[in-house]
Amino acid sequence: MSTMKIMFQKSKNSKGYINVNYSDEINNSIKMFIENYPGTKIGYKQMFEMLFIKYYVDKLCDIDDNLFFKQFEFLKENCLLRDGSLNLKGLNGFIKYYLFLVENEYGDFNIINSSFLSYKDFLKRLLDGYKPIIYSPYSKMPNEDKILLDISNTNSTNKKRNILTIDFSIFKDGQIRYLYKDFFWNYPEEYSSKKSKDVWLINFLKIIDKNISAESRYPTNKQTLEKLKNHQISALKINHIPINRFKEDISDMKSSSQATALSRIRQFIDFESKKGNVKISEIIRKQITSFDVTAEGDLRPYTYEEIEKIKEYLYKENNLKSYLVGSIIEILSTSAMRPATICNLTYNCIQNVNDEGYKVYASSKRNTNDNYKLGKRTGKKLLEVIDKTSELRKDTNNKNYKDYIFLYYSSKTNSKSIKKLSGVEVALKINEVAGILNINQLGTKGIRNYFYGNLNYFGSEEGEDSKIINSLSKHSLNVHMRNYSDSKDFYDACGDYFDIEIGDITVPGTVANDFNTFKNKYDYPLNNENLVQNGCGYCSQSHCTTHVPIECQSCKNYVTAFENLPYYENEIKKLDKEIDSAVSEHEKEFFIFKKAQCVRYWSELELNKKNIKKENFENVENIEKIEKERI
């Protein structure tokens with residue numbers, strides 16, 4: 001051990017000294033931290049002079065997670081001001097010192113990392129009793145009720161939000177607390193969006209929690225936790241009372257918001273019901289879907305002329321932010337990228353494919369490694385933006401911005417004040433300019449609606465390709481179809497949408513063009529008694545010749561028509577579950593084939609439904625009427 005006197009900046013006009021009496025290696029690390037980290041060090045003297053007194057190590061390699069938590073608990077009790085309150089500035093210095101160690105690769109850490117230590121509320125959360133946990137799909141659900149969750153290792157498309165603050169202790173009943181924790185931890189979806197989605201679920205569960213009497217509550221202890229894990233406690237019964245109460249609470253919201261809220265409740269109930277943790281009757285469950293809701297949103301597009309006027313105005317403003325917004329409008333109007341996707345593009349995202357244009361790699365809503373085609377002109381615009389913002393990537397002090405393209409100076413007086421453009425800012429700027437030009441304020445939606453409205457002219461081709469695109473109602477299929485130009489590729493697109501390769505699979509049964517002709521072709525009526533394959537089609541024979549229901553779609557006597565379309569997606573979902581639960585490779589391959597065949601039938605029906613390649617079909621209105629009545 002040796003003593004070292006380290007000078008530090010107490011304030012702008014005064015200096016002080018920290019006297020440390022540890023090993024040379026520890027003393028020098030503290031000295032390096034003090035000298036290299038900017039800002040005043042008020043409160044650091046007391047903290048550093050007691051930091052290694054009780055929990056001492058000689059070498060930096062011996063500093064680890066365990067030491068961090070021991071020292072933190074020690075400082076909580078002993079690093080106090082004269083009035084007995086906690087020396088928060090000193091504890092902030094403790095956090096920054098460990099960040100210095102981690103960034104310089106000193107110590108041996110498994111939990112404490114730069115994501116936690118850089119999180120602005122890390123100290124506050126630690127003092128409130130939160131435990132830092134790094135998420136892994138292979139780790140078990142945590143026992144702790146207050147956690148700080150690092151989701152950096154997940155396939156999140158929102159890389160800015162790596163730390164989630166979760167408090168399961170908001171529920172007083174041990175069973176409800178466990179069920180919400182189980183749903184949060186194990187329900188498969190992108191983690192960065194879980195908290196915002198769970199706002200509605202938490203409100204619903206609070207209603208149930210509040211109505212459980214103190215005598216009936218399960219305690220929140222280890223014994224209850226073990227019993228719940230081992231299914232030694234009866235499933236939670238959900239009746240109509242909390243559902244009706246919840247629906248009253250959200251009755252003033254927009255219908256689309258109501259649909260979102262109820263959808264989250266359904267996800268929770270369905271997920272936990274399958275695990276045997278929740279019981280609900282089918283009648284009561286249907287009450288969760290009884291709202292008459294729509295969620296179409298504003299489908300109005302800008303015209304080409306309006307978009308050109310907005311761009312022209314932005315470029316004339318002659319500032320970097322307006323230039324970036326104008327550039328984003330150019331990309332939005334010619335590609336399927338969302339505003340947030342464009343704003344999150346990095347400088348190395350673009351690749352010159354060939355003479356036809358470029359390919360851009362980015363994180364989309366559905367995929368963390370998606371790719372988009374850009375034409376020559378749009379690709380050159382993106383390259384121009386990359387070049388214009390290169391200096392900002394070098395100048396920014398924010399290490400999280402070093403790779404992004406759409407950066408701008410947020411302050412005229414401070415050239416180092418650099419921000420990343422967001423989708424919200426782009427929409428607001430578009431509306432601001434639209435208001436000045438006396439144009440409808442449609443934001444980025446107006447640009448995207450323009451793009452999708454012109455998909456049938458994409459690539460300057462008008463023909464069957466545009467009919468296919470125009471006929472498909474699913475937005476994600478619309479996005480995908482920008483890369484396809486013939487009927488065969490249409491099947492590939494459908495297969496890609498359902499995550500299955502159709503290949504050369506044929507349909508042995510009959511795909512009917514005209515419902516009435518199909519219905520009257522046989523000697524006996526085709527009705528609900530003849531339905532097979534869970535509603536996907538009919539058997540055209542009076543007696544089954546195979547006696548294997550799952551083989552119906554492989555039978556030449558299988559007949560399907562437009563009225564059966566709504567049942568196909570449910571059938572495909574059932575086959576997905578069969579694939580996931582298959583116990584042998586042979587069984588799995590069988591269900592994969594069945595799914596591919598089912599998707600091929602669905603694709604044929606979609607083509608027929610809108611009269612694509614079927615010149616003699618004239619009864620679309622009649623068929624759609626039958627479909628509505630059936631649904």
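## Cysteines

At 0% relative accessibility, C598 counts as buried (buried means under 20% relative accessible area, exposed over 50%, partly exposed in between, with a 1.4 Å probe and protein chains only). Its closest cysteine sulfur belongs to C536, 5.0 Å away, which is too far for a bond. C79 is buried too, with a relative accessible area of 0%.

How many disulfides does a search of the whole structure find? The search finds zero. A disulfide here is a pair of cysteine sulfur atoms within 2.5 Å. Such a link is a covalent bond between the sulfur atoms of two cysteines.

## Model and confidence

This is a predicted model, in which local features need pLDDT of at least 70, side-chain atom pairs count only at pLDDT 80 or more, and totals for chains, interfaces and linings use all residues. Residues are numbered from 1 along each chain as its sequence is written, and side-chain values use heavy atoms, with hydrogens and water left out.

The pLDDT is the predictor's confidence in each residue, from 0 to 100. The chain has a mean pLDDT of 80. In it, 79% of the residues reach 70 or more. Among the chain's elements, helix α3 (residues 65-78) has the highest mean, 96. Helix α26 (residues 620-630) has the lowest, 37. Over residues 292-296 the pLDDT is below 50, and this stretch has seven contacts beyond near neighbours in sequence. Residues 612-631 are also below 50, with 33 such contacts in the model. A contact means heavy atoms within 4.5 Å. Where pLDDT is low, the predicted coordinates should not be read in detail.

## Strands and sheets

Helices (H or I, at least four residues) and strands (E, at least two) are DSSP runs, numbered from the N terminus. Two strands pair if DSSP finds at least two bridges between them.

Start with β1 (residues 2-9) and β2 (residues 15-22). They pair in the antiparallel sense over eight bridges. Together they form a hairpin, with five residues between them. Q9 stands opposite K15 in β2.

Four other strands form an open sheet of mixed pairing, in the order β13-β16-β15-β14. Which strands are at the edges? They are β13 (510-511) and β14 (531-532), and each pairs on one side only. β13 runs parallel to β16 (residues 558-560), over two bridges. There, T510 has V559 of β16 as its bridge partner.

## Nonpolar cores

A nonpolar core is a set of buried Ala, Val, Leu, Ile, Met, Phe, Trp, Tyr and Cys residues joined through side-chain atoms within 4.5 Å. The largest has 46 residues. F48, I63, Y97, Y98 and F122 have the most contacts inside it. Elements that give two or more residues to this core include β1, β2, α1 (24-36) and α2 (44-50). Helix α4 gives the most, with nine residues.

F48 touches I18, V20, Y22, I30, F33, I34 and Y97, leaving out residues up to four places away in sequence. A second, separate core has 43 residues, including I147, F183, Y191 and I288.

## A buried proline

Where does P142 lie? P142 is in the loop between β3 (131-134) and β4 (146-150). Is P142 buried or exposed? P142 is buried, with a relative accessible area of 8%.

P142 touches I133, I147, K181 and W185, not counting residues up to four places away in sequence. P142 and K181 are 39 residues apart along the chain. Their C-alpha atoms are separated by 8.5 Å.
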